[in-house]
Amino acid sequence: MTHHRPHLSKPLFRLLRHNIPGAQISGYILAGLIGMAIVVIALQFFSDLNTPVSSGDTEAPTRFITLSKKVKPLSAGDNGFTPSEIDQLRAQAPVRRADGFVASQFNVTGALELAGRGFSTYMFFESVPDSYLDIEPRGWDFDPLNPRAEVPVILPRDYLALYNFGFAPARGYPRISEDIIQALPLSVIISGSGRQIELPARIAGFSSRINTIAVPQSFMQWANDTFAPGEEPLPERLIAEIDADAGDWASDYAAARDYEIAGAEDPSGAISAILAIVTSLTVSVGAVISLLSFFILLLIVRLMLERSALMLRKLITLGYSVSDLSRPYCALVCAINLAVWLLTVALNFIARSQWLGDMREMGLGGASPLFPLFIGLAIAVVLSLLCSVAVVRTMRRIRAPRD
């Protein structure tokens with residue numbers, strides 16, 4: 001005759017329903033969510049920041065360098081780059097493109113009125129192809145046939161910083177913002193070959209890439225032809241766009257040819273190293289919080305089992321095994337950790353939406369969320385397994401007095 005054990009779900013359901021400490025479990029969910037979310041979101045942010053967007057329209061990131069030949073003591077010779085030297089630079093594997101700066105061959109004086117005070121200074125102009133500019137200034141062109149044509153000028157952003165934090169305080173001049181200086185009246189006087197002309201000018205913007213006073217190529221072409229006809233010196237500075245992952249190639253290339261270089265350092269490398277350290281520390285903090293939350297859950301489950309010890313022993317005497325009695329508690333633990341992981345998934349997508357738009361504009365943010373979410377799921381699985389092992393061991397201790 002076969003002995004049929006009573007159905008197990010009803011008595012255990014009553015035990016779980018009456019002994020589940022809702023406040024403590026809510027506290028564990030909150031603590032577990034904080035720990036897991038810190039780990040997952042930190043990994044997601046770091047992955048997005050180091051992964052370019054992969055699409056047919058997006059190229060690999062690049063950076064720009066400026067090359068010039070070193071000036072020898074008391075040298076008076078030509079310090080320009082020959083066409084063969086420019087072609088040699090363009091032929092290098094990391095180089096996307098390279099062009100020379102076109103310098104003004106005429107005299108330039110700039111006049112500016114500021115706070116009721118007018119001052120003038122000698123200036124110089126250079127031009128580069130528009131595609132090298134890091135801004136898109138309004139009206140970046142010059143028509144010499146237009147009697148009202150203004151000369152648009154781009155200044156290095158460092159120049160304004162030098163004025164605001166060096167020149168202005170020493171002379172008692174007011175500090176000015178970019179918007180204000182672009183609205184100030186400016187004129188330039190250019191002369192050469194026995195001719196002189198004064199033209200209205202305006203500051204069209206500030207560049208962080210081009211370290212010179214830049215004007216449109218159309219103006220430079222007209223002005224050099226008009227005030228310095230027949231003079232076509234070699235460019236003394238080159239600007240090149242190179243692959244962002246070129247490493248130390250630029251510095252090595254310049255050192256081998258005795259060139260001076262600007263922009264050789266790759267800031268993204270140092271930033272990535274710092275971010276890697278910060279991410280590691282952040283993930284470590286999240287892991288510690290997750291570990292502490294595991295002990296909270298462990299205490300909660302053991303408390304539930306101790307409260308139900310008498311009924312559990314009775315069920316054991318009826319023939320139920322430790323695994324039968326442990327299964328509902330293990331299922332509860334897995335359900336709680338699954339809930340924590342699902343909440344973490346939602347938080348990760350919410351947090352990612354806050355930075356993804358800005359990263360897309362920089363060509364970044366192409367990382368898949370699968371890896372960070374897999375790490376979160378792995379944490380939930382490991383915590384569930386460890387807690388399930390603890391449930392079985394506690395259940396065996398409850399059974400022991402009856403053996």
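## Surface and overall make-up

The protein exposes about 22,400 Å², of which carbon and sulfur atoms supply 60%. This figure, like the others in this report, was computed from a predicted model. Within the protein there are 11 helices and 11 strands, and buried residues make up 42% of its 403 residues.

When contacts with a separation of 6 or more are considered, 81% of them in the protein come from residues 24 or more positions apart.

## The four-stranded sheet

Four strands form an open sheet in the order E2-E10-E1-E11, and their pairing is antiparallel. Its edge strands are E2 (95–100) and E11 (259–262), each of which pairs on one side only, and from one strand to the next the twist averages 25 degrees.

Strand E1, covering residues 62–69, runs antiparallel to strand E10, covering residues 237–243, and seven bridges join the two. Phe64 stands opposite Glu241 in E10.

## Helices packed on the sheet

Helix H3 (residues 83–90) packs on this sheet and touches E1, E2, E10 and E11, with a direction that makes about 160 degrees with that of E2. Helix H7 (residues 249–256) also packs on the sheet, where it touches E1, E2, E10 and E11, and its direction makes about 155 degrees with that of E11.

## The contact of H2 with H11

Helix H2 (residues 22–49) and helix H11 (residues 370–399) have axes that come within 8 Å and cross at roughly 145 degrees, and the crossing of H2 and H11 is right-handed. From H2, the residues Tyr28, Met36, Val39, Val40, Leu43 and Gln44 take part, meeting Pro372, Leu373, Ile375, Gly376, Ile379, Ala380 and Leu383 in H11. By class, the residues of this contact divide into 11 nonpolar, two polar and no charged.

## The setting of Ser293

Ser293 has its place in helix H8, which spans residues 267–307. With a relative accessible area of 1%, Ser293 falls under the 20% cut-off and therefore counts as buried.

If residues up to four places away in sequence are not counted, Ser293 touches Tyr28, Ala31 and Gly32. Of these, Tyr28 is also one of the H2 residues that meet H11.

Key
Residues are numbered from 1 along each chain as its sequence is written. This is a predicted model: local features need pLDDT of at least 70, side-chain atom pairs count only at pLDDT 80 or more; totals for chains, interfaces and linings use all residues. Side-chain values use heavy atoms; hydrogens and water are left out. Buried means under 20% relative accessible area, exposed over 50%, partly exposed in between (1.4 Å probe, protein chains only). Contact means heavy atoms within 4.5 Å. Accessible areas come from the Shrake-Rupley method with a 1.4 Å probe; for residues, only the protein chains shown count as cover. Two strands pair if DSSP finds at least two bridges between them. Axes are lines fitted to C-alpha atoms, for helices over the stretch in contact, and angles run from 0 to 180 degrees between N-to-C directions. A crossing is left-handed if the near helix is turned anticlockwise from the far one by less than a right angle, and right-handed if clockwise. Ala, Val, Leu, Ile, Met, Phe, Trp, Tyr, Cys and Pro count as nonpolar, Asp, Glu, Lys and Arg as charged, and the others, Gly among them, as polar.
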